Amino acid sequence: RKEVEQDPGPFNVPEGATVAFNCTYSNSASQSFFWYRQDCRKEPKLLMSVYSSGNEDGRFTAQLNRASQYISLLIRDSKLSDSATYLCAVGGGKLIFGQGTELSVKP
Amino acid sequence: DVKVTQSSRYLVKRTGEKVFLECVQDMDHENMFWYRQDPGLGLRLIYFSYDVKMKEKGDIPEGYSVSREKKERFSLILESASTNQTSMYLCASSLPRGTGSLPQHFGDGTRLSIL
């Protein structure tokens, strides 16, 4: 089993849709959780940290479920510009990255 | 904003050459990392460093070495380049936080082709 797993997608959604990504992790001692966005042929950029109580940044909501060992990212009112690959990262010293979920938002 | 600068965006080298990839960060971060990213394989950690003169092997260190002589600079060295080292190389840095991690900030990446 991989340490961090994501559904690779692609997720194809219309503009305005709500889309959710999940990321499962195997190390129950993990302490740090993040979501990154990566555009084609570019570097990953930090989208948001994930806090125990859940957190929101505009249209983006991140949640952590320690009991089931997964984190989630919800994107509301999808925009064309949200099209990218979304990577989760889980850490306790080093960060372990998921392989990413590709999102394509269509007009 | 954190700035992580990698010396080259694109690089073409020949098999057997010794290749140096340089990375500099301007935020006084203790931690620095080198990854490679390949389609279908995601980000794989090659080496990392938590302090000057310190280095630790990541998941795929074979064929690589690193150097950290100054806090802001972390170099990746391909001792004798081979075609299977053709990849996107990404450098990252972060602050330490006890036993947890603060987020890593990435450089633009170097697309390295070995012919």
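Predicted model: local features only at pLDDT ≥ 70, side-chain atom pairs only at ≥ 80, totals over all residues.
Let's start on the inside. In soluble globular proteins, nonpolar side chains tend to be buried together. The largest nonpolar core here has 23 residues, and the members that touch the most others are Phe21(A), Trp35(A), Ile71(A), Leu73(A), Ile75(A), Tyr86(A) and Leu103(A). Six strands of chain A each give two or more residues to this core: strand 3 (19-25), strand 4 (32-38), strand 7 (60-65), strand 8 (70-75), strand 9 (84-91) and strand 11 (101-106). There is also a second, separate core of 20 residues, including Val4(B), Cys23(B), Met32(B) and Leu78(B).

Setting aside residues within four places in sequence, its contacts include Phe21(A), Cys23(A), Trp35(A), Val50(A) and Cys88(A).

## A buried serine in chain B

Now look at strand 9 (residues 73-78) of chain B, where you will find Ser75(B). Is Ser75(B) buried or exposed? Its relative accessibility is 9%, so Ser75(B) counts as buried, the cut-off being under 20%.

The side chain of Ser75(B) also has a polar partner: the side chain of Glu22(B), at 2.5 Å. Beyond four places in sequence, the residues that Ser75(B) touches include Leu21(B), Trp34(B) and Val66(B).

## The largest pocket

The largest pocket holds about 550 Å³. Its lining is made of 22 residues, and those nearest the centre are Gln38(A), Thr85(A), Gln37(B), Asp38(B) and Pro39(B).

Which elements give two or more residues to this lining? They are strand 9 and strand 11 of chain A, along with strand 5 (31-38) and strand 10 (87-94) of chain B. Strand 9 of chain A gives the most, with three residues. Sorted by class, the lining has nine polar, seven nonpolar and six charged residues.

Most residues other than glycine have a negative phi, and most peptide bonds are trans. A cis peptide bond, with omega of about 5 degrees, joins Gly9(A) and Pro10(A). Pro10(A) sits in the loop between strand 1 (4-6) and strand 2 (11-14) of chain A.

Arg41(A) is in the loop between strand 4 and strand 5 (44-49) of chain A, and its relative accessibility of 48% makes it partly exposed. Lys53(B) belongs to the loop between strand 6 (42-49) and strand 7 (56-57) of chain B; with a relative accessible area of 61%, Lys53(B) is exposed.

Key: Residues numbered from 1 in each chain as written. Chains lettered and ligands numbered in written order. Heavy atoms only, no water. Helix = DSSP H or I, 4+ residues; strand = E, 2+ residues; numbered from the N terminus. Buried < 20%, exposed > 50% of the residue type's maximum accessible area, 1.4 Å probe, protein only. Polar contact = N/O pair within 3.5 Å; in protein donor to acceptor, adjacent residues only side chain to side chain. Contact = heavy atoms within 4.5 Å. Core = buried A, V, L, I, M, F, W, Y, C linked by side-chain atoms within 4.5 Å. 1 Å grid on protein atoms, 1.4 Å probe; cavity = no way out; pocket = protein on both sides within 12 Å on 5 of 7 lines; lining within 4 Å. Points joined across faces, edges and corners; volume = space filled by probe spheres on them. Nonpolar A, V, L, I, M, F, W, Y, C, P; charged D, E, K, R; others polar.
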